[in-house]
Structure formats: C-alpha cells, structure tokens
Amino acid sequence: MSDLTRRGVLAGLLAGAAGGAWAEAPLASLRPQPRGVIGGDGGAAALVAAAKLGGRLGYCVADAATGRVLEASGETAVMPPASVTKGMTALYALERLGSGQRFVTRVMYRGRLDAGRLQGDLILAGGGDPELDTDSLADLVAALAATGLREVTGQFIVYTGALPERAAIAHDQPDYVGYNPSVSGIMLNFNRVNFVWKQAGAGYDMAMNAEGARFVPPVRMATMALADRDLPVFAYKAGSAADHWTVARGALGKAGERWLPVRHPGIYAGEVFAWLAAGQGIALGPPQLRRDLPPEAALLVARDGAPLPDVLRKMLKFSTNLTAEAVGLAASAAPSQEASAAAMTAWARDRFGITGRFGDHSGLGPNTQLSAADMVSVLSQALQDPKGAQLQRLLRDAGLPDAAGKPQNKSLLRVQAKSGTMNFVSNLAGYVTAADGKTLVFAIFAADVARREAVPVAQRDQPKGNKAWVGRAHRLQGQLLHRWAGLYL
C-alpha cells in the first residue's frame, strides 16, 4: 500500500505505512491438492524455522505447464492476502471490463449555450477514473476554455454517482493514512490533499493544496490547525462539507509535507476545478453534488483516462488501494463495496473453483481470506486464457533473489509477482520464469494474525516490531524462490 508523496514525509511518527511491491499454458484445471514437502530434504522447513515468524505460513509452488505441485506446506490455510488481492482484482477487471476500458471524465451542461454564455448549469461528471490528477483536470479545463465558454449563469454541479460512495476503504485503519481514502465516482489525486508546513518564528506557516507538476491549487475544504499535544500526531473531525485536521506541534520540525486522505471527494474535485476554471476566466459557484446525472445533460468536453492495462500495471507496481477499489467496483457494477466484493467472490469460485472470499478489492480491510493453494490455482489457470495471461506481463518484474534472499536485478531468471504487506502480514505470489520460457507458479503467505489484531487502530501505521518481522518474511520469500528455481528450473 503506497502513500504517495513528493518531498518526503515526517520522519518516524509521520511516515505512512507502505508495503513492498516486488509460458506455456497449463493443460488442465490446476487446483493443487494438500500434500507435504516433496523431496523430503527438509530445506524449506529449515528456512521457515530460521525466519522465526510465528503465526501461520503457507506456501505452494507448481509447474505452470503441467499443474503439478512441486513443493507445498500449509498451502490450504486461509490468511489475509493483503495487496496480493490486487492480482485477483486485475484479473476480474480484465475479464469483465476488457482491455479497451477507459474511465472518462466529462464536462457537460444543461440549458442554453450561446456565444460563450451558458444560461444553465455546468456539470463536472466523474467517470470513476482513479488516476485523475490536478494536471489532467487542468487540461480538461483548458479544453473547456477552448470552446469559448466564459460565463455560467446557473449552478456548478459535480456528478459523483459513477461509483458507490464510501468514506474510507477500510474502517480499521488510522484516520490520517493516505492509503485509506474515500471512494467516489469522481476522485482527484487518489483522493488525497497535500499538507505543507514551514516554521515561521514561534509558529508555522501551513497550507493545504492539490499540488500537481504544473499547478498548485490551494484547498479550502480541508483545514489544518496546530494542537499542543504529543499524540496523536494527526486528529480528524468531519464537517458537513469539509475535512478538519489538527496536528501535534512538536511533531512538525522545520518544514515538510504529507498527503492526507480526503473524505469529501466531490467537494474537493469541484473546488480544484473551479480554481483552475477561474484561471481561464470562467467563474463558477460553489460545487453542488449530485448522485444522478441529468438526462438532458449534453457533452462539452471529455478526457479519456489511460487504457485499463496501463491502469492495472501502475496499480500492481505502486499497490494503490483506491485504484483497486475503483476498477473492482466498475467491473461488478454493484451498489456497494460489500456487494462488489461478494460479486468478485462468486466470480472467483465459479471461474477458478477456489474457496476464498473477498471483503474488498484492495486487500486493505480485514474480511478477505485466501490460501496459497487458491492463489496458485488462480495464477495457473489464468495462463490458459488470453485475458488472464495478460496478468503475468502486468506484474512487476525483478531478478531472482540470491541464496541469502537478496534481489539480483541482472539475473536471467525473472520473478513476476505481487506482494502484499500489512502489519505482521507479508505475502508474495506470481511467476518465476527461466530464459527458456519454463515457468513456475508460486504463492507464499505469512501472517501472525493474533499479533496484528492486538495492535490498537491508532498505532497501526508503524507498530513496534513490525518492520523487523516483515524484513524476515521478505528474506524468507527470496530464499524460497532461490531454492525452487535451483530445484525445478
């Protein structure tokens, strides 16, 4: 789960919790059967014991061409897959939406348009684009200005109904983490606002903005105030149309910035759009939100988002939770996150014969459960279908780790995989491919759920002991991959 910033975040207390990211088609259904370690050399068991992770661990590796399970242990144990879920979501979106899918953001109107004067309402119509940012919104405003529009007599409407609304992806995370924003039919800058501060005398100059590469619009719907306290570093209070934050004075230091989640995405996008429009000489009123699009609305200009495979490639590389939720909701067309996750669960069971279940599309929440065997079965079967086979090409590619588990970027053996990291949860699943094209399919799931659940919500950004635990889990993953490549490729 990535918390995107430009110039860094506060050291220690202000750091976001971010997870890492790291053929021939099978001939038959590849549901692996429970079995012990094949070969009996004890090598994998010794590596697992040395990692000292506690909790539960399951792994499975199979030959992609035949479906034969080569080595497995604990592979049927269900655990939280964390961001490995995004691999499933990518398959779901590719199958349901198709590679040609683009999320379109439109500017529409209703009323009479005459000589640059709109006697009626201007509508910013979100299309569920999870990658819409300030600069692309500015391009949309420039296209609008190029039509000759200069005056709007009616309301400025923001249509948010392309996707279901949700205040946060998961409700068991701290308020301030940027990887857990709201979900809406219009989303800007991954529904995050940039908090910037600089020491000024005995106090601070502070601002909230929607920073892009070319434009830095100020934001009024998100406010920040200093608080004389030690903890929490950030505290949030929702307004009817605004996000109100306070920050602990002693945590700020001399200067810095931090992206914080937005809980009123329609107001946020509308405010930024109106600021950009004012720069083009188009004055707009305060944004009025609507969940329905007026049937008489006509198109003025539109912006197409990137093709779906490009969106998914970046989602898998940076592990952006909002993108996963957006594409999953679009694929299901369900009215809520819960209903959409249930639809993806039913699809996965019918399509791949697995028994796991999904609580969301990103893996951030607590209700997704999957086994290593399930994941290997899905990844193997995906290779049989042209749409599913795209996933291997979309996954992040890295060199095979060495015997100590350290990455070797120049290795001829390649690992295409998706990681999933949360507090005391570390998973990796994907493919290992040799130069001759021979491919292994694998999944490694590790979770100390009891230790994870013991962490209070307010401390889940950086709980004590988690960094070292995840480091040991990552090393074990690299060691297992090195072992399997040496034995089976």
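Predicted model: local features only at pLDDT ≥ 70, side-chain atom pairs only at ≥ 80, totals over all residues.
The structure holds 15 salt bridges. Side chains of opposite charge can pair when their charged atoms come close.

One of the salt bridges joins the side chains of E71 and R483, with 2.6 Å from N to O.

A second pair consists of R110 and E296, whose side chains meet in a salt bridge at 3.2 Å, N to O. This pair also links distant parts of the chain: R110 belongs to strand β3 (residues 104-114), while E296 lies in the loop between β13 (287-290) and β14 (298-304), 186 residues apart. E296 has a relative accessible area of 47%. Buried means under 20% and exposed over 50%, so E296 counts as partly exposed.

R117 is partly exposed, with a relative accessible area of 33%. E151 is partly exposed as well, at 37%. Salt bridges can also share partners: R110, D121 and E296 are joined in this way into one network.

Next comes a helix. Helix α9 covers residues 386-394, and its buried residues are G388, A389, Q390, L391, Q392 and L394. The N-terminal end of α9 is capped by D385, which has a side-chain oxygen 2.9 Å from the backbone nitrogen of K387.

The last step is to view the chain as a whole. Its secondary structure comes to 11 helices and 18 strands. The C-alpha trace spans about 80 × 55 × 40 Å along its principal axes. For 489 residues, a compact globule would have a radius of gyration near 23 Å; the chain has 24 Å, so the value agrees with that expectation. Of the 489 residues, 57% count as buried. The chain exposes about 18,800 Å², and carbon and sulfur atoms supply 52% of this area. As for charge, the chain has 51 positive and 41 negative side chains, and the centres of the two sets lie 4 Å apart.

Terms used:
Residues numbered from 1 in each chain as written. Heavy atoms only, no water. Helix = DSSP H or I, 4+ residues; strand = E, 2+ residues; numbered from the N terminus. Rg over C-alpha atoms; globule rule 2.2 N^0.38 Å. Buried < 20%, exposed > 50% of the residue type's maximum accessible area, 1.4 Å probe, protein only. Areas by Shrake-Rupley, 256 points an atom, 1.4 Å probe, with all protein chains shown as cover. Lys, Arg positive; Asp, Glu negative; His and termini not counted. Charge placed at Lys NZ, Arg CZ, Asp CG, Glu CD. Polar contact = N/O pair within 3.5 Å; in protein donor to acceptor, adjacent residues only side chain to side chain. Salt bridge = Lys/Arg side-chain N within 4 Å of Asp/Glu carboxyl O.
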